[in-house]
Amino acid sequence: MNKAVISGTGLYTPPATISNEELVEAFNAFVELHNSRHSDEISRGEMDALSPSSAEFIEKASGIKRRHVIDREGILDPERMCPRIPERSNDEPSVQCEMAVIACNEALEQAGKSVEDVDAVIVACSNMQRAYPAVAVEVQQALGINGFAYDMNVACSSATFGIQAAVNAVETGTARAVLVVSPEICSGHLNFRDRDSHFIFGDACTAVLVERDSLVAEGKGFDVVGTRLKTQFSNNIRNNFGFLNRADESGIGQPDKLFIQQGRKVFKEVSPMVAETIQGHLASLSLSPEDLKRMWLHQANLNMNQLIARRVLGRDATTDEAPVILDEYANTSSAGSVIAFHKHKADLVSGDLGILCSFGAGYSIGSVLVRRR
């Protein structure tokens, strides 16, 4: 059986950014408008007044300082509070395809490979901009890749689940190389009118090239030592948007058609599950946490990551051991752990072990253990 290697990674970062201060200014302006327009209902007790937010609250609660987005003007408009992303004709590349191609080309360049070396594309992300045709097939065509492609969604664990699928394809000989791409436009499903979550997400796209080891030069890339996946159903993170919404008009435009979560429950329930999954994965390979040089964790919440790392290592992790990118990118769903890997892998030396781990809605947890070649 072939062995799989991660030989290259790529990243597309939207140029537009929104700081916590800018986001709060827009949100608080919306709050003032809302409370003013509904002052009578609020005074009669028929409606609760909305509370303002603060940049200090956001950073303390999450560790986020700013985020990259596809569009900032629509989000910062108190009368709109969502990105403005015009629809494109069917003859134009989709927004996700455009993001994916940029990230894929960087991954190919880093690996020293061309599209002729790739047999498959997996677009793995939380939200597809359409049901069909698959965005992955569009990306495949845009890149000029022969073979096959498909979309998959396991929410924030999509990228690691996609890497596991790519590893399977490479190891069984279904493909010589697979591109796993995560074009996350998280700002599109975020409720910017919700104080508890309006700051959580940003936009980005990552790409990972998984290849047959015999095709990768000695000393280049990362051997995939093993993967582990876990799911457990929960309603604590949910988005009910879908084509069936038109079948019941009463639900159209309701808050549950955007991102909703019970944050405290998620923190309490997911953190120990993730730590146990990582520890169990290592133990199954006769390894211990002390063998890890680095943990590229899902970038959703700084406090959560610190707790998980502490449970795994038995002590606080340094930023070198568990690098953070969410202060700049915010939560980019499945792309987050791969962004951390992309930006914080070059200094590892041959034999160093690291683990990519993502977790989120589902619940879903994906763990990918790698060793520097």
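**Close-up A. The surroundings of Ile 278 in the predicted model.** When its neighbours within four places in sequence are left aside, Ile 278 is in contact with Leu 297, Ile 308, Val 312, Ile 355 and Cys 357. Ile 278 belongs to the largest nonpolar core, which has 49 residues, and is one of the members that touch the most others, along with Val 274, Met 295, Ile 308 and Phe 359. Among the elements that give two or more residues to this core are strand E2 (16–19), helix H1 (20–37) and helix H7 (263–284), and H7 gives the most, with seven residues.

**Close-up B. An edge-to-face pair of aromatic rings, Phe 201 and Phe 259.** The ring centres of Phe 201 and Phe 259 lie 4.9 Å apart, with 85° between the planes. Because Phe 201 sits in the loop between strands E6 and E7, and Phe 259 in the loop between strands E9 and E10, the pair ties together parts that are 58 residues apart in sequence. Phe 201 is buried, at a relative accessible area of 4%, and Phe 259 is also buried, at 7%.

**Close-up C. The second largest pocket and its lining.** This pocket holds about 230 Å³ of space, and of the 16 residues that line it, Leu 302, Gln 306, Ala 317, Ala 322 and Val 324 are the closest to its centre. Helix H8 (residues 302–313) supplies the largest share of the lining, five residues, while the lining as a whole is made up of seven nonpolar, six polar and three charged residues.

Key:
Residues numbered from 1 in each chain as written. Predicted model: local features only at pLDDT ≥ 70, side-chain atom pairs only at ≥ 80, totals over all residues. Heavy atoms only, no water. 1 Å grid on protein atoms, 1.4 Å probe; cavity = no way out; pocket = protein on both sides within 12 Å on 5 of 7 lines; lining within 4 Å. Points joined across faces, edges and corners; volume = space filled by probe spheres on them. Helix = DSSP H or I, 4+ residues; strand = E, 2+ residues; numbered from the N terminus. Nonpolar A, V, L, I, M, F, W, Y, C, P; charged D, E, K, R; others polar. Core = buried A, V, L, I, M, F, W, Y, C linked by side-chain atoms within 4.5 Å. Buried < 20%, exposed > 50% of the residue type's maximum accessible area, 1.4 Å probe, protein only. Contact = heavy atoms within 4.5 Å. Phe/Tyr/Trp six-rings, centres within 6.5 Å; stacked < 30°, edge-to-face > 60°.
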